[in-house]
Amino acid sequence: MSETLHLLALVAHPDDAELICGGSLIRAAQARHRTGILDLSAGEAGSSGDRETRMLEAERAAEILGVAVRRNAGLPDGALRNDMAARYKVAGVLRELRPDTVVLMWPQGRHPDHRAASRLGHDAAFIAGLSRAPLAGEPFRPRKIVYAMSYREHARKPTFVVDISEQMERKLEAIFAYRSQFEGRTAMGEVYPGGGRDLREQIRIHSAYYGGLIRVEYGEPFWTREAMAAGGLVGLPVASF
Ligand SMILES: [Zn+2]
């Protein structure tokens, strides 16, 4: 069996992938695609939960998502930088995992690590394909980059939304595997609830909004730099009326 990945989420911290594209990862795994997560840091600078606890929670969440691989790049939490050393480190991992499609975080945002992770992921993917880069392994470049847009207030309209209606409950299960982060919380990072609402409910409402954009129950939004292709005008998805 090939060890390459069909889909890799490349994110700043353990729990980011679950939040921004957990449903799509579950959906891909259910379609027998080989999926993975590369956490750039171990989240050791977070205000709740120690390093050990977060590692165990990340393992549990990975099982729920059905990912084949979960790796940690060991870069510094709270101090992620898109510098050459970090690019080489991440490019080396990409050469090993050889993902066809990579999900990156949105390039703007409140958390400096999230912004850095987005740009670092992009640049590392490019460098991994350079035959003269000072890196071990065969040159390899992921074919496709997609940006996750979940919870981005100022982002443009998604290029597409993945229907995760069938995966929603499992996605919540994966998110709440991070008990140290989310149990009893009514706010987290950029996913602010309205009026102290339960976090689970807040995530459900966000996902329902994205789902509504494609007329399904729950969805996850993505953006690509490139235009999406269609085979023709007849039978395009998402009805206008
Ligand atoms: Zn994060």
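Reply: Start at Arg-98, which sits in the loop between H3 and strand E4 (99-104). Helices here are DSSP runs of H or I with at least four residues, strands are runs of E with at least two, and both are numbered from the N terminus. This is a predicted model, in which local features need pLDDT of at least 70 and side-chain atom pairs count only at pLDDT 80 or more, while totals for chains, interfaces and linings use all residues. Residue numbers start from 1 along each chain as its sequence is written.

Arg-98 is not a glycine, yet its phi is positive, about 50°. It counts as partly exposed because 17 other C-beta atoms lie within 10 Å. The cut-offs are these: buried means 20 or more other C-beta atoms within 10 Å of the residue's own, exposed means 12 or fewer, and partly exposed is in between, with C-beta atoms placed from the backbone.

Now the helix on one side of that loop. H3 covers residues 84-97 and packs against H4, residues 112-127. Two packed helices are described by the angle between their axes and the distance between the axes. For H3 and H4 the angle is about 65° and the axes are 8 Å apart. Axes are lines fitted to C-alpha atoms, for helices over the stretch in contact, and angles run from 0 to 180 degrees between N-to-C directions. The crossing of H3 past H4 is right-handed.

Which residues of H3 and H4 meet? From H3 come Ala-86, Arg-87, Val-90, Ala-91 and Leu-94. From H4 come Leu-120, Gly-121, Asp-123, Ala-124, Ala-125 and Ile-127. In this contact 8 residues are nonpolar, 1 is polar and 2 are charged. Nonpolar covers Ala, Val, Leu, Ile, Met, Phe, Trp, Tyr, Cys and Pro; charged covers Asp, Glu, Lys and Arg; the others, Gly among them, are polar. Contact itself means that the C-beta atoms of two residues, placed from the backbone, lie within 7 Å.

Stay with H4. Its 16 residues should span 22 Å at 1.5 Å a residue, and its end C-alpha atoms are 22 Å apart, so the two agree. The expected span is 1.5 Å times one less than the number of residues. The buried residues of H4 include Asp-113, His-114, Ser-118 and His-122. Leu-120, Gly-121, Ala-124, Ala-125 and Ile-127 are also buried. What covers the buried residues? H3 and E4 are among the elements, along with strand E1 (5-11) and strand E5 (144-148).

Another positive phi is worth a look. Arg-32 is not a glycine either, and its phi is about 70°. Arg-32 lies in the loop between H1 and strand E2 (35-39). Arg-32 counts as exposed because it has 8 C-beta neighbours inside 10 Å.

H1 bends by about 75° at Gly-22. The bend is the angle between axes fitted to the seven residues ending at a residue and the seven starting there. H1 is mostly covered, with 14 of its 15 residues buried.

One last stop is Leu-213, in helix H7 (residues 199-213). It is partly exposed because 14 other C-beta atoms lie within 10 Å. Neighbours within four places in sequence aside, Leu-213 touches Pro-158, Val-161 and Gly-219.

Technical notes:
A crossing is left-handed if the near helix is turned anticlockwise from the far one by less than a right angle, and right-handed if clockwise.
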